[in-house]
Amino acid sequence: QQQQQQYTPYEECVRRLYQTNLFNPVKLGLQNIDAIHQALGRPMDNPDHLPVIHVAGTNGKGSVALKIANTVRLSDPNLRVGLFCSPHVSSFRERMQINGQLISEDDVIRLLPQLYDICQGTKREGKQQQQQQQNNTIIPATFFELTTALAFQYFHTSRADVVVLETGLGGRLDATNVIRSPALSIITSIGLEHTRILGNTVQEIALEKGGIIKPGRPVLVGPNVPHDTLRECAREKGASGYYRCEDVMGLVQQDQEQSHINTDTDIIEDYDEENARTAEAAIELLKISHPSIFGSISKDTIKRGTAIRPPCRFEEVVLRDGNGDDNDELTVILDVAHNPPAMEYLLRKLRATYPTEEGRYRYRFVVGMSSDKDLGLCGRMLLDHVQADDDNNNNNNSLPIHLVEAYHPRAAKLEAILAAEPRLEGSHFDNEDRGITRQIKLATALVKKANNNKHEGTATREILVVCGSVFLMSEAREALGFDEPRDSECISEVAGAHLRHGQEMFGKDAEKDKN
């Protein structure tokens, strides 16, 4: 008889969390998270003692949230700054941090069962408990609602001084939007995403994101938003102010040598500068509204804090074989460019940093996408930036593009990618082994071969770019040799359950609510 697999207490907790949506289908609304937050004593609703910065947006929200949190913690080593972000790259614990330190496994083990007790109506004892259960007060909380509540409880019990919250999806009905009085709401950008859930136009999506705007509280918006729509939304909700970055900072003249701005087109070639500018404007607003905490933050601290990039946002890594030979260096870019606007930003930054003019650089991509994105457009954008391998002129595997399929319910199938853009048939892919590791190993070998076989006097170097869905990044980083906290295999095997058994219901409920 096969011995039953033994899990650590942490693995048991997180496996149960990931499988929550098997039993509690995802449904739009704040009722569940509001009930949990109420049972916890509403720890995030104490604006005088705990400023909460709430960040939403199609792209850039994770970067802006991280930059704000880092800037604040660098300003005063005594401050405890909480950060809630999603999704994670390699470990579930990345989602909630204090001063850059991930929540510990022990804290997850200590706090998560308390939330399960609240949801099951078993927190009270004796007759009170029986009465509670008879009144059907069981809370059918979902994965993201429980994760959000876990972060709230963690920040509260860890005595956080400041909290930065990144929304998960949308804004209006996102679990993080249970907070009533944020110090500042931020909307970084608006683009077409999750259209089945959020709306079919930029204006509809803007109204969903604009749901984080609160009465009597200010809102800061990035440059790529429909200002008329969001300004009217802020007016209707009674926001205390509607601010663009230029309203806060003025039209700053940047050093052209230091800035990645194409002076011919005024197009920002590094999206991180846009995110840094948004984070800096947020800090300036917070210095005015909460001077006791943010008032002493210096320009130098802001510059250092906003310079930090999150993992897999144009993350540059140089891998070496260890023999000291420059020819054995392998430059890798990791970026979770998962939709056309993010892909455009990535390619623009790639061209600015590693220009292809005069044969200086060429690119090799390992890419996997989510099924709900514009696969055809993303594929065409990549094809515009590659040329066929010199030593492989037939149609099979001639393109320096490697297609992969993450082990995740939202991952796009190879068949769907190829159907969306048939020219990708010339890419590298394996129908038998669709995983990331095989293609990472093949791509790194081909890049090294290309860089070691320079011929005909060319000095072209090939750059490896791993991009697309966040779901492929953990395995990609492991294959590239990253040493970092990573979920065990028994957690990873159920990591998509909260989406596999909830995403479809989520979309149907969204459509039902709109009709």
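Five strands form an open sheet in this predicted model, in the order 11-12-15-13-14 and with mixed pairing. Pairing requires at least two DSSP bridges between two strands. Strands are DSSP runs of E with at least two residues, helices are runs of H or I with at least four, and both are numbered from the N terminus. Strand 11 (315-319) and strand 14 (401-403) are the edge strands, each pairing on one side only. From one strand to the next, the twist averages 20°. Axes are lines fitted to C-alpha atoms, for helices over the stretch in contact, and angles between N-to-C directions run from 0 to 180 degrees.

The model is predicted, so local features need pLDDT of at least 70 and side-chain atom pairs count only at pLDDT 80 or more, whereas totals for chains, interfaces and linings use all residues. Residues are numbered from 1 along each chain as its sequence is written, and side-chain values use heavy atoms, with hydrogens and water left out.

Asp335 stands opposite Cys467 of strand 15. Helix 17 (residues 436-452) lies across strand 12, strand 13 (361-368), strand 14 and strand 15. Helix 17 runs at about 160° to strand 15.

A further open sheet has eight strands, ordered 4-3-2-5-1-6-7-8, again with mixed pairing. Its edge strands are strand 4 and strand 8 (241-244), and each pairs on one side only. Strand 2 and strand 5 pair in the parallel sense over four bridges. Val81 has Val162 of strand 5 as its bridge partner. Helix 11 packs on this sheet, touching strand 1, strand 6 (184-189), strand 7 (218-224) and strand 8. The direction of helix 11 makes about 160° with that of strand 7.

Helix 11 (residues 271-289) also meets helix 13 (residues 299-306). Their axes come within 10 Å and cross at roughly 140°. The two helices are therefore oblique to each other; angles under 35 degrees count as roughly parallel, over 145 as roughly antiparallel, 65 to 115 as roughly perpendicular and the rest as oblique. The crossing is right-handed, with the near helix turned clockwise from the far one by less than a right angle. Helix 11 contributes Asp272, Ala276, Ala279, Glu280, Ile283 and Glu284 to the contact, and helix 13 contributes Lys299, Ile302 and Thr306. Contact means heavy atoms within 4.5 Å. Four of these residues are nonpolar, one is polar and four are charged. Ala, Val, Leu, Ile, Met, Phe, Trp, Tyr, Cys and Pro count as nonpolar, Asp, Glu, Lys and Arg as charged, and the others, Gly among them, as polar.

Several loop residues were also examined. Leu50 lies in the loop between helix 2 (31-39) and strand 1 (52-56). Its relative accessibility is 10%, so Leu50 counts as buried (under 20% relative accessible area; exposed is over 50%, partly exposed in between; 1.4 Å probe, protein chains only). The C-alpha atoms of Leu50 and Val162 are separated by 5.6 Å, although the residues are 112 apart along the chain. Beyond its neighbours within four places in sequence, Leu50 is in contact with Pro43, Met44, Ala160, Asp161, Val162 and Val163.

Arg159 occupies the loop between helix 6 (143-157) and strand 5 (162-166). Its phi is near 55°, a positive value in a residue other than glycine. Arg159 counts as exposed, at 67% relative accessibility. Asn99, between strand 3 and strand 4 (101-102), has a positive phi near 50°. Asn99 is partly exposed, at 23%. The peptide bond from Ser86 to Pro87 is cis, with omega near -10°.
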